[in-house]
Amino acid sequence: MKNTKEYLIPFIGLKLGKHHFEYQISNAFFEIFDYDEYKDSKIKVNVVLEKKSTLLELRFNHKGAVNVPCDLTSEDFDLPIEGEMKLIVRFDEVYNNDNDELLILPHGEFEINIAQYIYEMIVLSVPLRRVHPGIQDGSLKTEALTKLNELTIKEEKEENKEEENIDPRWDKLKQLLTDK
């Protein structure tokens, strides 16, 4: 990983109790992880570290928006996201981060890097299917949708022409079926 110094929390000098940290996340943060899915991002992350005598509890909350392309129209839009995550840090002989909610640090450690946890929390809060809100309420106006609407209207007109050219003998046969 590149430069993640600002996401290091030195917990060794902190008193017992709760400590608050706040981060403003932009695309520069995602460049650290070589992740370029978002055109732009403005996310506020709050971290509450509760230091206890034998362990640390971290609560992450984030809220903001990422600019992504719509899966249906390829139009860029700001997708609001929010989420939370909890992490417990214990101390033991060897480092272990196999569990998503539990991190085990060696006894000699004095700081924790939370950049990876912030990254995972944000990326996992973005839905797999991203649909522009203008599609759902019908307010989106794009060239592609205008062209699709033009084509849809032409298809309906062609169907109406076919119905007008029906042979009148078929109507007589249909009447026989309904007269029973």
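How do the residues of the lining of the largest pocket divide into nonpolar, polar and charged? The second legend has the answer; here is a short note before the views. This is a predicted model, in which local features need pLDDT of at least 70, side-chain atom pairs count only at pLDDT 80 or more, and totals for chains, interfaces and linings use all residues. Residues are numbered from 1 along each chain as its sequence is written, and side-chain values use heavy atoms, with hydrogens and water left out.

**View 1. The largest nonpolar core has 37 residues.** Such a core is a set of buried Ala, Val, Leu, Ile, Met, Phe, Trp, Tyr and Cys residues joined through side-chain atoms within 4.5 Å. Look for Ile25, Phe29 and Ile118, which touch the most other members. Helix 2 (115–125) is among the elements that each supply at least two residues, and its seven residues make up the largest share. Helices (H or I, at least four residues) and strands (E, at least two) are DSSP runs, numbered from the N terminus. Beyond four places in sequence, Ile118 touches Tyr7, Tyr23, Ile25, Phe29, Val45 and Phe60 (contact means heavy atoms within 4.5 Å).

**View 2. The largest pocket has a volume of about 420 Å³.** On a 1 Å grid over the protein atoms alone, a pocket is an open set of points where a 1.4 Å probe fits, with protein on both sides within 12 Å along at least five of seven lines; lining residues have an atom within 4 Å of a point. The volume is the space filled by probe spheres set on the points, which are joined across faces, edges and corners. Of the 19 lining residues, Asn97, Asp100, Gln116, Tyr117 and Glu120 lie nearest the centre. To settle the opening question, the lining divides into nine nonpolar, four polar and six charged residues (Ala, Val, Leu, Ile, Met, Phe, Trp, Tyr, Cys and Pro count as nonpolar, Asp, Glu, Lys and Arg as charged, the others, Gly among them, as polar). Helix 2 gives the largest share of this lining, five residues.

**View 3. Glu50, Lys52, Glu57 and Arg59 are linked in a network of salt bridges.** A salt bridge is a side-chain nitrogen of Lys or Arg within 4 Å of a carboxyl oxygen of Asp or Glu. The N to O distance is 3.7 Å for Glu50 and Arg59, 3.2 Å for Arg59 and Glu57, and 2.8 Å for Glu57 and Lys52. Glu50 counts as buried because its relative accessibility is 17%, while Arg59 is partly exposed at 30% (buried means under 20% relative accessible area, exposed over 50%, partly exposed in between, with a 1.4 Å probe and protein chains only).
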